[in-house]
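Subject: Structure handover and notes

Dear colleague,

I am passing on the structure below, together with some notes on what was found in it. Please read the notes with the coordinates open beside them.

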Amino acid sequence: LQLVESGGGLVQPGGSLRLSCAHSGTITSMNVMAWHRQAPEKAREMVAVITSSDTANYGESVRGRFTISRDNANGTVYLIMNNLKPEDTGVYYCNLRYYNNGQYVEHWGQGTQVTVSS
């Protein structure tokens with residue numbers, strides 16, 4: 001199974017971007033998809049997470065500016081980022097996790113760069 005991210009790029013402060021992450025392969029219907037990010041010389045942090053029943057949660061620094069959503073039919077999770085700030089700069093990673101026959105399974109995408117700068 002692969003996770004393919006797209007939508008990163010360079011944007012000015014106050015601008016918006018939409019990230020997408022699509023997974024290939026078959027997974028269990030109960031799963032969690034998330035976006036994490038890693039800024040230079042900082043630890044990776046959770047940005048937003050959404051369950052297969054559409055319950056979402058956000059990191060404190062992005063709450064109210066970012067929105068996570070998913071399209072289960074197409075196996076895709078989205079992250080709409082509004083009012084971007086320079087501190088949002090980093091590599092954004094898609095994450096998928098679920099249990100398969102009692103085994104915990106976790107996948108990561110390759111990452112997409114988001115740069116917020118004037």
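**Valine 77 and its surroundings**

Not counting residues up to four places away in sequence, valine 77 touches Leu19, Ser20, Cys21, Met33, Trp35, Ile50, Ile68, Ser69, Arg70 and Cys94, where contact means heavy atoms within 4.5 Å. This is a predicted model, in which local features need pLDDT of at least 70 and side-chain atom pairs count only at pLDDT 80 or more, while totals for chains, interfaces and linings use all residues. Residues are numbered from 1 along each chain as its sequence is written, and side-chain values use heavy atoms, with hydrogens and water left out.

Valine 77 sits in strand E8; helices (H or I, at least four residues) and strands (E, at least two) are DSSP runs, numbered from the N terminus. Valine 77 is buried, with a relative accessible area of 0%, where buried means under 20% relative accessible area, exposed over 50%, and partly exposed in between (1.4 Å probe, protein chains only). The C-alpha atom of valine 77 is separated by 10 Å from that of valine 32, and the two residues are 45 residues apart along the chain.

Threonine 76 is also found in strand E8, which covers residues 76–81, and threonine 76 is buried, with a relative accessible area of 8%. A polar atom of the threonine 76 side chain lies 3.1 Å from the backbone oxygen of asparagine 74. Leaving aside neighbours within four places in sequence, threonine 76 is in contact with Cys21, Ala22, Ser69, Arg70 and Asp71.

**The disulfide**

Taking a disulfide as a pair of cysteine sulfur atoms within 2.5 Å, the count comes to 1 disulfide, and this joins cysteine 21 to cysteine 94 with an S to S distance of 2.1 Å. Cysteine 21 lies in strand E3 (residues 17–23) and cysteine 94 in strand E9 (residues 90–100), so the pair ties together parts that are 73 residues apart in sequence. The torsion about the S-S bond of cysteine 21 and cysteine 94 is about -85°, so the disulfide is left-handed. Both cysteine 21 and cysteine 94 are buried.

**The nonpolar core**

A nonpolar core is a set of buried Ala, Val, Leu, Ile, Met, Phe, Trp, Tyr and Cys residues joined through side-chain atoms within 4.5 Å. The largest such core has 26 residues, of which Trp35, Leu79, Met81 and Tyr92 touch the most other members. Elements that give two or more residues to this core include E3, E8 and E9, and E9 gives the most, with 4 residues.

**Strand pairing**

Two strands pair if DSSP finds at least two bridges between them. E9 and strand E10 (residues 103–108) pair in the antiparallel sense over 6 bridges, and tyrosine 98 has valine 105 in E10 as its bridge partner. In the hairpin of E9 and E10, which has 2 residues between the strands, asparagine 101 takes a positive phi near 55°.

E9 and E11 run antiparallel and are joined by 3 bridges, with valine 91 standing opposite glutamine 113 in E11. Strand E2 (residues 9–11) runs parallel to E11 and is joined to E11 by 3 bridges.

Best regards

How values were computed:
Polar contact = N/O pair within 3.5 Å; in protein donor to acceptor, adjacent residues only side chain to side chain.
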